[in-house]
Amino acid sequence: MDTNLPVSTQPRVVIVGCGFGGLRLAKSLRDAPVQVVVIDRNNYHNFQPLLYQVATGALEADSIAYPIRKIFAGQKNFFYRMADVQRVDTASNTVHTSVGDIHYDYLVLATGSLTNFFGIESLEKNAMQIKSIPNALNLRSFIFQNFEKALLTENPEEKQALMNIVVVGGGPTGVEISGSLAEMRKHVLPKDYPELDLGKMKIILVEAGAELLGPMSVKSQQDAMRYMQELGVEVRLNTHIKGYENCRAYYSETDFIPTENLIWAAGVNGAAVPGIPAELVARNKRINVNQWNQVEGLPNVFAIGDVANMVTEEMPRGLPMLAPVAQQQAELLGDNLQRLIKGQAPVPFVYKNKGVMAIVSRNKAVVDLPNDVHFSGIFGWFTWLFVHLMTLVGFRNKVVAFVDWAFSYFSSDQALRLIIRPFSRRDVKDDQGKKKAEHATSTPQYNPTPPAIQTPAA
C-alpha cells in the first residue's frame with residue numbers, strides 16, 4: 001500500500017509515536033528544513049497522567065485527548081499516518097507499517113512503554129491496567145458492572161469479591177487511583193448503591209517495596225501513607241502478587257485476597273520496536289542510546305522518552321520514565337537534528353529535574369522540588385492541579401477539565417458513571433481460534449504505542 005507521502009528534497013524525519021516526546025519533537029521542528037512524518041496507531045495525543053480520572057469517572061475521555069492533525073494544523077512540513085509499526089529495517093532506512101513502507105533519513109522512536117506483568121500469565125490475562133484511554137474506559141465500566149452484579153448475588157463471598165478492589169503498585173499511578181477510588185467509596189457509591197453495605201468494601205494497595213512512592217522523598221512517602229490511612233485504604237508493603245485467577249489475588253501459594261477487581265500499576269517496559277538489533281535493547285526493553293539520544297551503532301536512528309535507555313553517572317539504571325524527561329530530550333533532539341543536517345556536532349543531553357508530584361485525593365498531594373524542597377496538603381493539591389491543567393493540550397480540554405474538577409470539588413460527586421461500553425475479560429488462550437502465542441502481550445491493541453510484533457522469519 002502506498003502511503004502517498006510527497007517526495008521532498010529535504011531530509012525526512014520519521015517519528016514513531018505521538019506521546020509527550022514525539023509531540024514535542026514534531027513541534028520543535030516546525031521551522032526546520034525537514035519533512036516531519038509522525039506515525040501513531042491512534043489519531044490523538046493521550047495525556048496519560050490523568051487516565052486514572054477517566055477510569056474513576058472524574059473526567060471524560062475527550063478531556064485528556066486531542067486530535068493529532070488538529071494539534072499540527074498549519075505546520076506545513078508535518079504529515080501524519082495512522083498505522084501500526086510492524087518493524088524497522090535499519091539497513092534500508094525503512095519503517096514497515098500496516099499501511100505501507102515509509103523511508104526515512106532520520107528515525108526517532110518515541111514509542112513510550114507497555115505494562116510489565118513480569119511474566120505472570122494469570123495477571124497478564126486477568127488484571128486490568130491503565131495505559132490508554134480504552135483501558136481506562138474498560139476499567140470504569142468493569143467496576144460499575146461488578147457493583148451491579150453485587151446487588152444481585154446472595155452469596156456473601158461472591159459479593160465481597162465483587163466489591164473489593166486491589167491496586168498493585170505503590171508508585172504515583174497506584175497511589176492516585178487508590179485515593180480516587182476511596183473518594184468514590186465515600187461520596188459516590190453510597191448514593192448509587194444504598195442497598196450495599198459499603199462498609200465492607202475494601203480498597204487494598206499492594207506494594208512489593210518497603211514504601212509508597214519509592215522515587216520520592218521520605219517525607220512524601222510518609223505523607224502519602226498517612227493520607228492512605230486517613231482515606232481508609234489498606235496498604236500492604238513488602239507484598240508480591242504472585243498470581244490472579246478465580247477472583248483470587250495470591251500473595252503466597254495459599255494466601256489470597258478475594259477480588260474481582262485487580263488493577264495492575266506495578267511496572268512498565270519500554271516499547272521497543274522490532275527490527276532494532278537485540279544487543280541494543282536492554283533487559284527492560286528500553287533501547288540503549290548515547291548522550292544525545294542516538295541509538296548505539298545506528299547514526300541516523302534515535303530514541304527518546306520511556307523507550308530510551310540513557311545511562312548516566314547519576315542514574316546508572318537509566319533516566320526515569322517521566323514525561324519531563326521525554327519532553328526535554330525532544331527539545332534537544334530537535335536542535336541536534338538540525339545541527340547534524342548542517343554537519344555540526346550534537347550537544348549532549350543533561351536532564352534538569354524540575355520536581356515530581358503525586359495527588360492522593362481532594363486537598364491531599366505531595367510535591368518534591370529540587371534542593372530538597374517538599375510540601376504537601378492543599379497547597380500541593382493546588383500545585384498538582386495547576387501543573388496538569390496547564391500541560392493539557394488544547395484550550396477546550398483545559399476548560400472542560402477545570403469545570404469538571406470544580407464540579408467534583410464542590411459537589412463531592414462524579415457524574416460520569418455510565419456503562420456505555422460493557423467490558424468482559426477475554427481469554428488469551430482461545431480468542432477467535434487464535435493461538436496463545438499471538439497474544440504474548442494481551443493488551444497492546446489498547447496501547448497508543450506500536451505493538452511488539454515478532455519479525456517474520458526470512
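## A parallel sheet and its helices

Let's start with an open sheet of 5 strands, ordered β5-β2-β1-β9-β21 and paired in parallel. Here, two strands count as paired if DSSP finds at least two bridges between them. The edges are β5 (78-82) and β21 (301-303), each of which pairs on one side only. From one strand to the next, the twist averages 20 degrees.

A quick word on what you're looking at: this is a predicted model, where local features need pLDDT of at least 70 and side-chain atom pairs count only at pLDDT 80 or more, while totals for chains, interfaces and linings use all residues. Residues are numbered from 1 along each chain as its sequence is written, and side-chain values use heavy atoms, with hydrogens and water left out. As for the labels, helices (H or I, at least four residues) and strands (E, at least two) are DSSP runs, numbered from the N terminus.

**Inside the sheet**

Strand β1 (residues 12-16) pairs with strand β9 (residues 106-109) in the parallel sense over 4 bridges. Val 13 sits opposite Tyr 106 of β9, and Val 16 has Leu 109 as its bridge partner in that strand. β9 is also joined to β21 by 3 bridges, again running parallel, and there Leu 109 stands opposite Ala 303.

In a regular strand, side chains alternate between the two faces of the sheet. In β9 both faces are covered: Tyr 106 and Val 108 on one side, and Leu 107 and Leu 109 on the other, are all buried. Buried means under 20% relative accessible area (exposed is over 50%, partly exposed in between, with a 1.4 Å probe and protein chains only).

Contact means heavy atoms within 4.5 Å. Axes are lines fitted to C-alpha atoms, for helices over the stretch in contact, and angles run from 0 to 180 degrees between N-to-C directions.

| Helix pair | Angle | Axis distance |
|---|---|---|
| α1 (residues 20-28) and α10 (residues 323-341) | about 30 degrees | 8 Å apart |
| α5 (residues 133-152) and α6 (residues 156-163) | roughly 160 degrees | within 8 Å |

So α1 is roughly parallel to α10, and α5 and α6 are roughly antiparallel to each other. The cut-offs are under 35 degrees for roughly parallel, over 145 for roughly antiparallel and 65 to 115 for roughly perpendicular, with the rest called oblique.

α1 meets α10 through Phe 20, Gly 21, Arg 24, Leu 25 and Ser 28, and the α10 residues they meet include Ala 323, Leu 333 and Leu 337. This contact divides into 7 nonpolar, 5 polar and 2 charged residues. Ala, Val, Leu, Ile, Met, Phe, Trp, Tyr, Cys and Pro count as nonpolar, Asp, Glu, Lys and Arg as charged, and the others, Gly among them, as polar.

For the other pair, Asn 146, Phe 147, Lys 149 and Ala 150 of α5 make contact with Lys 159, Leu 162 and Met 163 of α6.

**Around β18**

Strand β18 (residues 261-264) is covered on both faces, with Asn 261 and Ile 263 buried on one side and Leu 262 and Trp 264 buried on the other. Strand β12 (residues 165-168) pairs with β18 in the parallel sense over 4 bridges, and Val 168 stands opposite Trp 264. Strand β11 (residues 128-129) runs parallel to β18 too, joined by 2 bridges; there, Gln 129 has Trp 264 as its bridge partner.
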